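Dear colleague,

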Amino acid sequence: MKRLAAVLGDQGKKHWQARTAYRRLAKHLNTMPVGFPRSVSGVEKRILRSIFTPGEAEAALHLSYKPEPKDVILARASQKGIPSAEMERRLASMEKNGALLIKNPDGEPQICLLPFVVGFFETQIASMNAGLYLDATQYMAEAMGFEYLSTVPQQMRIVPVEKSITPQHRISTHDEIRRIIADAGDSIALTTCICRKGRDMLGAPCERTDRRETCMAFHDFGEMYIKNGWARRIGVEEAMEVIALSERDGLVIEVSNEKNPSFACMCCPCCCGVFNMLAAAPRPADFVQSNFRAALDSDKCVLCGKCEKRCPTQAIKMKKDAVKIDLGKCIGCGLCAAACKPQALTMAPKTRQRTPPEDYSALMDAIMANKKGFVGKAASTIKGALGIKR
């Protein structure tokens with residue numbers, strides 16, 4: 001009887017320690033630039049349990065959103081009782097699980113902890129299952145979507161599809177998808193869209209495309225995906241073919257909000273959880289970063305209605321004998337202009353042009369500098385939900 005009590009006591013202690021580790025990790029992640037807020041149901045703890053072991057959750061407490069040399073991290077963990085060899089083992093496991101990023105500036109490896117989105121949710125290509133996808137969808141609806149949409153600057157930005165841009169636009173290189181891909185050179189990884197994979201598992205496939213290899217990672221992110229077997233390396237020519245097919249299928253090009261983006265997603269309102277919420281907002285334009293908007297030349301319009309069908313946010317409506325554009329809903333994706341043969345629709349630069357941060361680290365620093373408390377985030381999101389210009 002004493003032995004049974006001892007075993008049960010030991011199991012109870014381990015269970016309590018594990019719960020404590022996940023609770024502390026959730027709090028730690030919420031201090032990051034793109035936070036990890038509590039939900040009503042507590043589903044976020046279930047997500048953490050599916051990705052981190054209790055030991056990895058403890059190890060993650062010693063990582064920052066800022067890339068740091070491994071020696072610095074090992075020394076910090078050692079001071080808290082985790083031997084360096086054990087910490088290295090946990091870091092290697094966390095890398096394979098997609099929880100952290102290893103950057104290599106000047107050949108010196110540096111490690112940082114990824115946020116939930118865009119971050120360690122998207123790296124779950126190999127381990128994705130229906131349960132995890134449903135948990136992530138629930139969490140986005142309860143808390144994470146609120147967090148994501150209220151970040152300033154936005155974590156992602158819209159770049160117009162290639163066919164919608166002409167030489168007359170004098171477009172900045174950070175908004176030109178061909179230049180973004182060319183600059184990535186050999187570090188381009190093509191991977192399966194995590195959202196479409198999740199939808200397939202629920203028996204609700206994408207309504208816009210049959211393709212699944214639609215998303216790309218570049219530079220350090222690309223090398224991470226390739227190293228761990230989550231993606232295959234492709235060249236510039238194949239990457240541009242992916243972009244062309246995405247334009248054909250009516251997918252929106254979203255890239256990380258950096259001058260040299262870390263990744264590019266091909267989004268649609270039926271699959272992408274964040275984009276789904278974006279499209280449902282009265283003024284989606286307030287929640288995205290884009291330097292363009294649709295402009296109409298009524299004299300050229302033949303009222304074919306293709307633009308209305310192509311618009312992912314329902315910003316374009318056919319009104320009897322005219323086309324109306326709601327600029328509060330226009331996200332500047334260019335899908336309408338690319339489909340308009342009479343060239344009645346074009347992409348016009350916005351009066352206020354925004355230059356993105358230099359790289360991933362600079363983006364996270366900018367978001368952190370503008371991080372709001374709960375009240376500020378709530379006010380910003382409620383305004384957007386009510387259609388009040390932010």
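**Helix packing**

Helix α2 passes α7 in a left-handed crossing (the near helix is turned anticlockwise from the far one by less than a right angle; clockwise would be right-handed). The model is a predicted one, in which local features need pLDDT of at least 70 and side-chain atom pairs count only at pLDDT 80 or more, while totals for chains, interfaces and linings use all residues. Residues are numbered from 1 along each chain as its sequence is written, and side-chain values use heavy atoms, with hydrogens and water left out. Helices (H or I, at least four residues) and strands (E, at least two) are DSSP runs, numbered from the N terminus.

The axes of α2 and α7 come within 9 Å and cross at roughly 145 degrees (axes are lines fitted to C-alpha atoms, for helices over the stretch in contact, and angles run from 0 to 180 degrees between N-to-C directions). On the α2 side, V43, E44, R46, I47 and S50 make the contact, and on the α7 side L132, D135, A136, Q138, Y139 and E142 do so (contact means heavy atoms within 4.5 Å). By class, this contact has five nonpolar, two polar and four charged residues (Ala, Val, Leu, Ile, Met, Phe, Trp, Tyr, Cys and Pro count as nonpolar, Asp, Glu, Lys and Arg as charged, and the others, Gly among them, as polar).

**Aromatic pairs**

A search of the whole structure finds ten aromatic pairs (rings of Phe, Tyr and Trp, the last by its six-membered ring, pair if their centres lie within 6.5 Å; planes under 30 degrees apart count as stacked, over 60 as edge-to-face and the rest as tilted). The rings of F52 and F120 have centres 5.6 Å apart and planes at 90 degrees, so this pair is edge-to-face. It links distant parts of the chain, 68 residues apart: F52 lies in the loop between α2 (43-51) and α3 (54-60), and F120 in helix α6 (residues 116-120). F52 is buried, with a relative accessible area of 2%, and F120 is buried at 0% (buried means under 20% relative accessible area, exposed over 50%, partly exposed in between, with a 1.4 Å probe and protein chains only).

F221 and F263 form an edge-to-face pair as well, with 5.6 Å centre to centre and 70 degrees between the planes. Here F221 in helix α10 (residues 219-227) is joined to F263 in strand β9, 42 residues apart. Both F221 and F263 are buried. One aromatic cluster is formed by F36, F52, F116, F120, F121 and Y139.

Strand β6 is largely enclosed by the rest of the structure, because five of its six residues are buried. Five bridges join β5 to β6 in an antiparallel arrangement (two strands pair if DSSP finds at least two bridges between them), and A189 stands opposite A217 in β6. Two bridges join β6 to β9, again antiparallel, and A217 stands opposite F263 in β9.

Helix α9 (residues 194-201) has I194, C195, R196, G198 and R199 buried. These buried residues pack against α7 (130-149), β5 (188-192), β6 (213-218), β9 (263-267) and α12 (273-280). Just after α9, G203 takes a positive phi of about 75 degrees.

An open antiparallel sheet has three strands in the order β1-β3-β2. Its edge strands are β1 (68-69) and β2 (100-103), each pairing on one side only.

With kind regards
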